[in-house]
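Look at the sequence and the model first, then read on.

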Amino acid sequence: MDRATAIDTSTSTNTGTAAVLPRPPLRPRLRTRAAAWAAGPLLVVPAVVAGCRALGTDGVTPLPQLLSFLPWLTVPAGLGLLCAGLARRRGLAFLAVLVLAGTAWTSLPYTPLTGVTHGLPVARVRVVAANVEFGQGTGALIDLARREGPQVLYVSECDPGCGRALVAALSGRLPYQVAVEAEGSAGSVLLSAYPLRDRAVVPSVMGMPGATADIAGRAVRLQLAHPMPPVPGQVRLWKDELGRLRDAVAARPADEALILAGDFNASQDHAAFRSVVSAGPLLDAARTTGASRVPTWPAEGPLPPYVQIDHVLSTSDLYPVATRFLPLPGSDHRAVLADLDLHDGR
């Protein structure tokens, strides 16, 4: 028996045939490897953004911008988990489960559902906050105000022409106003059915006027919010202006009720916005009435609305009982309407 015959004999099966172990096909191995590589990028962004949300930081560009997409990042996180499963990598699949769960958990509403109120309701105040996009939605806002009958109207990006049109059309319903008269996005107007005093402006690039109204015998501070957006290059300015709103909330007299409303250019997932809420502490009308994830922007363009950056916030003695989000043709924002019950505080 020669050497080759000996080798063949030693590797034969009981049937006398040579045992040949098949190698795995190349194509399925490439598929699993590609699925593993695809899972990584799908998981990285949700993990980092959810981590920032959990740690209470907005970070630096591009994180403040990506935080606006936080609830939607469950989609790539879910795809990452699917890819990890296809790759048959247990460690990667476990990591993907953690990322998906963390992203979903950090997307939960951020504020208490209820607040502590004192006394009986003495008045119901209807508030509308609207960004009219350089005045282009002024006509639609006039129609909305006539139809819905708010007692307080917060208007952002209202240039002098917009302001004049609102005053001319709504002076019978809302005869009192405080404004920052400026062109383009810098102009803002606050219209009220109640007499106003102590007019003041929170320093900002875009107008943020405020005043105190007397409603059913109570002093109620009305403050419009419109800080700069967190676009690359001005994130620090955005944080500073939200910080000024936070300081204004914290500095108000303890017995003074507050309605802070407008285009905050920030969602509930931004730490800078949550710091304003906690300074009160304030109730978010949308959260309190079960609408904390209804998007308000962008209401025009190729993308559907995906983030809520327009808010009505109030102290607990102005308890939200209803919130609606209304279309505003001509503007890239939806208007926010909130009904608040004012309590006498006793």
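## The disulfide

A disulfide is a pair of cysteine sulfur atoms within 2.5 Å. The structure holds one. It joins Cys-158 to Cys-162, with an S to S distance of 2.1 Å. Which hand does this disulfide have? The torsion about the S-S bond of Cys-158 and Cys-162 is about -100 degrees, so the disulfide is left-handed.

Are these cysteines buried or exposed? Buried means under 20% relative accessible area, exposed means over 50%, and partly exposed lies in between, with a 1.4 Å probe and protein chains only. Cys-158 is buried at 2%. Cys-162 is also buried, at 2%. Two further cysteines are buried: Cys-52 has a relative accessible area of 10%, and Cys-83 has 14%.

## About the model

This is a predicted model; local features need pLDDT of at least 70, side-chain atom pairs count only at pLDDT 80 or more, and totals for chains, interfaces and linings use all residues. Residues are numbered from 1 along each chain as its sequence is written, and side-chain values use heavy atoms, with hydrogens and water left out.

## The chain as a whole

The chain has ten helices and twelve strands. Both are DSSP runs numbered from the N terminus: helices are H or I with at least four residues, strands are E with at least two. The chain has 346 residues, and 48% of them are buried.

Contact means heavy atoms within 4.5 Å. Take the contacts with a separation of 6 or more: residues 24 or more positions apart account for 67% of them.

A pocket is found on a 1 Å grid over the protein atoms alone, as an open set of points where a 1.4 Å probe fits, with protein on both sides within 12 Å along at least five of seven lines; lining residues have an atom within 4 Å of a point. Grid points are joined across faces, edges and corners, and a volume is the space filled by probe spheres set on the points. The largest pocket has a volume of about 400 Å³. Its lining has 24 residues, and Pro-229, Pro-230, Asn-265, Trp-297 and Ile-309 lie nearest the centre.

Asn-265 sits in the loop between strand E8 (257-263) and helix H9 (271-279). Asn-265 is buried, at 12% relative accessibility. Its side chain reaches the backbone oxygen of Pro-227 at 2.7 Å. Beyond four places in sequence, Asn-265 touches several residues, including Met-206, His-226, Trp-238 and Ile-309.

Leu-70 lies in the loop between helix H3 (63-67) and helix H4 (74-87). Its relative accessible area is 0%, so Leu-70 is buried. Which residues does Leu-70 contact, leaving aside neighbours within four places in sequence? They are Val-49, Ala-50, Arg-53, Thr-103, Thr-106, Ser-107 and Asp-269. The C-alpha atoms of Leu-70 and Val-307 are separated by 9.2 Å, though the two are 237 residues apart along the chain.

Thr-323 belongs to strand E11 (residues 318-326). Thr-323 is buried, at 15% relative accessibility. A polar contact is a pair of N or O atoms within 3.5 Å; within protein, one must be able to donate a hydrogen and the other to accept it, and residues adjacent in sequence count only if both atoms are side-chain atoms. One of 2.8 Å joins the side chains of Thr-323 and Thr-289. A polar atom of the Thr-323 side chain also lies 3.1 Å from the backbone oxygen of Ala-285.
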